[in-house]
Amino acid sequence: MSTRWYPIYQRGNPQLRIFLPNFWMKLVHTPLRQQPNIVHFQCSMEMTKHDIKNYLEKIYKVPVVEVRTKISLGKFRKDIGKGYVVKDDDIKTAFVTLPKTTTFEFPNIFEKKKGDVEDDLKSLEETKKTFKQYIERNRDRSDIPSWFSI
């Protein structure tokens, strides 16, 4: 979390006029099957339901019907080098319900196009062909023992 310390007001000095929120939100892929109008976010622990709703409505102009939050306990594990117990940070998850008419589909960033698939198959066939040529070229080498076969 980033904390912004604003300078103390001193008369005559230029004042810091930009106020940015200390909050962050991360869109996460849903592990469960959900309705198309429910979106999952991980957010900072300090955010309340009202903060989440205002954040999405004011900054991103997303209509929000309801916000539910859940705090997941971080995992406890034993440190490998030192041997003491370490606890991961807790995570606050927000389940944001959009209006029924609105549907959300998680963006597919790494979408493959038809041309890409054809190029991949072409390069795979070319690689197989050159490997077979390599095997044939090195089959009768005199410096390799006879008991070793490719």
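Predicted model: local features only at pLDDT ≥ 70, side-chain atom pairs only at ≥ 80, totals over all residues.
Which strand gives the most to the lining of the second largest pocket?

**View A. The largest pocket.** Its volume is about 260 Å³. The lining has 15 residues, and those closest to the pocket centre are Thr 30, Gln 34, Gln 35, Ile 38 and Phe 104. Strand S2 (residues 38–43) gives the most to this lining, with 3 residues. By class, the lining of the largest pocket has 8 nonpolar, 5 polar and 2 charged residues.

**View B. The second largest pocket.** This pocket holds about 190 Å³ of space. Strand S1 gives the most to its lining, with 3 residues. Strand S1 (25–27), S2 and helix H1 (49–59) are the elements that give two or more residues to the lining. Residues lining the second largest pocket include Met 25, Lys 26, Leu 27, Val 39, Phe 41, Tyr 55 and Leu 56. Phe 104 is also one of its lining residues. By class, 11 lining residues are nonpolar, none is polar and 1 is charged.

View C. Ile 38, His 40 and Gln 42 point one way from S2. Val 39, Phe 41 and Cys 43 point the other way. S2 is largely enclosed by the rest of the structure, because 6 of its 6 residues are buried.

**View D. Pairing of S2 with S1 and S6.** S1 and S2 run antiparallel and are joined by 3 bridges. Here Leu 27 stands opposite Phe 41 in S2. S2 and strand S6 (residues 91–97) also run antiparallel, joined by 6 bridges. Cys 43 stands opposite Lys 92 in S6.

Methods:
Residues numbered from 1 in each chain as written. Heavy atoms only, no water. 1 Å grid on protein atoms, 1.4 Å probe; cavity = no way out; pocket = protein on both sides within 12 Å on 5 of 7 lines; lining within 4 Å. Points joined across faces, edges and corners; volume = space filled by probe spheres on them. Helix = DSSP H or I, 4+ residues; strand = E, 2+ residues; numbered from the N terminus. Nonpolar A, V, L, I, M, F, W, Y, C, P; charged D, E, K, R; others polar. Buried < 20%, exposed > 50% of the residue type's maximum accessible area, 1.4 Å probe, protein only. Pairing = 2+ DSSP bridges.
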